[in-house]
Amino acid sequence: MASDPRPLTEPPIDPLALLEADTTLEAARPLLELVATYFAETRAGEGGVSTWHSAEVIADRLATEMPRNPRPLADVARRLASLLLVDVNRLAHPMYIGHQVSAPLPAAVWTEALISALNQSQAVREMSPSFTPLEHQVIEWMTDLIGWDARAGGTMTSGGTEATLTALLAARARAIPNVWDRGVGPRPPVLVCGEHAHYAVTRAAGVMGLGQSHVVVIPSDGQRMSVPQLRARLAELQREHKPVMAVVATAGCTATGAFDDLEAVADACDSFADANGPLWMHVDAAHGGGALLAPRERPRLAGLARARSVAWDPHKTLLLPLAAGMLLMREEHDLERAYAQSAPYLFTPSEDARAWDMGPRSFQCSRRADVLKVWVAFERYGSQALGALYERLCDMARYLHERLSSHAQFTPLHLPESNILCFSWQPPGVVDAAERDALTDALRERYNRSGRGWITATSLGGRRVLRITVMNARTDRVHLDALVSGLEAEAQRVLQHHR
Ligand SMILES: Cc1ncc(COP(=O)(O)O)c(C=O)c1O
């Protein structure tokens with residue numbers, strides 16, 4: 001008889017009992033406490049925003065054998081805290097003013113556990129009887145906000161990148177009706193976008209087999225797509241008999257948060273209509289879509305209703321946790337054409353049920369019911385408070401602009417149109433542009449590594465510049481003052497090392 005490989009002292013493992021033991025509120029407490037402690041510490045602005053440990057140091061700490069034996073959940077929570085939480089970027093800290101990822105709304109954070117516990121898949125109605133209709137409802141709230149009628153619809157996505165890809169797939173299907181069977185052919189249509197468009201657009205062109213050579217990039221006038229140049233380019237394409245699949249405008253561009261003039265872009269799309277009608281205008285409002293809820297900022301989106309498709313990320317300026325993206329379509333039936341597949345094991349042939357199923361019109365198959373946290377956010381805070389939060393984020397960017405306007409070394413580079421501000425650093429006595437670029441990057445790195453705060457950098461007009469995005473409702477004027485004094489102090493140190 002084969003001997004039991006386990007030592008005699010090891011107790012027998014009952015996997016089901018382990019699972020059952022973890023289902024109570026008491027069992028969850030150590031994990032929930034990690035969240036609550038994180039909220040409390042960051043609310044008080046305690047500790048650093050990040051650490052300076054390298055990826056190698058963290059990887060070494062994590063390089064253990066795969067655990068073979070169970071541990072109590074409380075031990076796991078303790079290990080998690082000491083091994084991992086120490087080095088996270090603390091986005092809920094008011095001095096995190098970095099990338100476009102939110103310090104998420106607490107009610108939405110708590111909802112995440114419920115979404116996972118229920119684990120409904122939005123692919124088809126039969127797998128998610130409550131949340132597929134909810135997704136239709138929440139999307140209707142959003143399309144109503146835009147001002148669209150009952151023909152509108154959409155789908156939730158993993159974010160703006162997927163939303164834009166799906167919108168452009170729908171536009172491609174209009175430009176090349178049999179594309180799903182035959183591919184794009186030797187003379188695919190072109191895609192037009194502004195120079196400041198997010199890389200989601202060129203990525204979509206690559207994924208769709210158009211090739212980057214079929215992306216026509218329109219230069220900017222200031223931070224916006226130049227409409228005279230757009231018109232000139234569309235006229236040229238018309239003369240060359242090159243069909244245009246879609247024109248992509250941006251509402252809240254990544255680098256500076258600027259909004260394209262949507263009315264003017266829509267006029268251009270109307271003027272250069274082809275046999276299919278006006279050119280397809282897709283608006284990437286992944287970042288700036290939050291302005292729809294904010295009466296003071298909403299005019300920046302004038303013309304949005306003329307778009308045929310809109311990408312909007314609640315996980316950006318609506319302050320939801322990742323991931324919550326949305327694609328909104330003026331005519332829902334356009335979305336049916338983005339993907340043209342049958343899957344008898346999943347998609348029901350019944351027209352009725354299909355209207356509720358999300359899988360046929362979504363890139364993802366199994367998909368989390370992220371819509372639930374969006375719904376909870378509206379239920380808990382209401383559209384007014386969410387709009388007020390968006391305005392507050394924008395106010396903070398404006399405050400920093402004002403604060404830096406008369407600064408000797410830091411210069412704001414544009415009026416903020418949302419919650420983003422880019423500014424340059426002019427180190428005293430440094431005239432060489434490349435040297436200034438290197439010092440700018442060094443300053444950002446030094447400041448972030450200090451733990452006092454966290455900001456980003458980008459390139460504008462070929463030069464390296466500093467950039468903040470206010471994505472945390474707790475960030476206030478005092479924190480922006482602290483940012484300026486922190487940068488001043490680190491700038492001196494950078495210069496001392498440089499000389
Ligand atoms: C304007 C814009 N579009 C699209 C995206 C991509 O969104 P996601 O990261 O949700 O895919 C971003 C992200 O920063 C963005 O700023």
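## Domains and their contact

An automatic or database domain assignment divides the chain into domain 1 (39–64 + 73–104 + 390–499) and domain 2 (121–368). This is a predicted model, in which local features need pLDDT of at least 70 and side-chain atom pairs count only at pLDDT 80 or more, whereas totals for chains, interfaces and linings use all residues. Residues are numbered from 1 along each chain as its sequence is written.

The C-alpha centres of domain 1 and domain 2 are 32 Å apart. Their contact takes 18 residues from domain 1 and 23 residues from domain 2, where two residues are in contact if their C-beta atoms, placed from the backbone, lie within 7 Å. On the side of domain 1 that touches domain 2, helix H14 (371–405), strand S11 (420–425) and strand S12 (456–460) each supply at least two residues, and H14 gives the most, with four residues. Helices (H or I, at least four residues) and strands (E, at least two) are DSSP runs, numbered from the N terminus. That side of domain 1 divides into 10 nonpolar, six polar and two charged residues; here Ala, Val, Leu, Ile, Met, Phe, Trp, Tyr, Cys and Pro count as nonpolar, Asp, Glu, Lys and Arg as charged, and the others, Gly among them, as polar.

## The shell around the ligand

The ligand is surrounded by 15 residues, of which the closest are Gly159, Gly160, Thr161, His198 and Ala286; a residue is near a molecule if its C-beta atom, placed from the backbone, lies within 6 Å of it. By class, the shell holds three nonpolar, 10 polar and two charged residues.

## Helix H6

The 16 residues of H6 should span 22 Å at 1.5 Å a residue, and its end C-alpha atoms are 22 Å apart, which agrees; the expected span is 1.5 Å times one less than the number of residues. The buried residues of H6 are Phe131, Thr132, Glu135, Val138, Ile139, Met142, Thr143 and Ile146. They cover an arc of only 140° around the axis, which puts them on the same side of H6, the arc being that of the directions from the helix axis to the C-beta atoms. A residue is buried if 20 or more other C-beta atoms lie within 10 Å of its own, exposed if 12 or fewer, and partly exposed in between, with C-beta atoms placed from the backbone.

The face of H6 turned away from this buried side carries the exposed residues Gln137, Trp141 and Asp144. Just after H6, glycine 147 takes a positive phi of about 105°.

## Helix H10

Helix H10 (residues 227–239) has 13 residues and reaches 18 Å from its first C-alpha to its last, close to the 18 Å expected at 1.5 Å a residue. Its buried residues are Leu230, Arg233 and Leu234. They cover an arc of only 100° around the axis, which puts them on the same side of H10. An α-helix has 3.6 residues a turn, so residues three or four places apart point the same way.

The buried residues of H10 pack against strand S2 (190–194), strand S3 (215–218), strand S5 (224–225), strand S6 (244–250) and helix H11 (262–271), while Pro228, Ala232, Glu236 and Arg239 are exposed on the other side of the helix. Just after H10, histidine 241 has a positive phi of about 55°.

## Backbone features in two loops

In the loop between helix H5 (106–118) and helix H6 (131–146), asparagine 119 has a phi near 50°, a positive value in a residue other than glycine. Asparagine 119 counts as exposed, because it has 11 C-beta neighbours inside 10 Å.

The loop between strand S8 (309–312) and strand S9 (325–329) contains alanine 323, which a cis peptide bond with omega of about 0° joins to leucine 322. Leucine 319 lies in the loop between S8 and S9 and has a positive phi of about 65° although it is not a glycine; leucine 319 is buried, with 23 other C-beta atoms within 10 Å.

Alanine 397 lies in helix H14 and is buried, with 24 other C-beta atoms within 10 Å. Not counting residues up to four places away in sequence, alanine 397 touches Pro416, Ser418, Asn419, Ile420, Leu421 and Val470.

Proline 219, in the loop between S3 and strand S4 (220–221), is exposed, with 12 other C-beta atoms within 10 Å. Leaving aside neighbours within four places in sequence, proline 219 is in contact with Glu195, Ser226 and Gln229.
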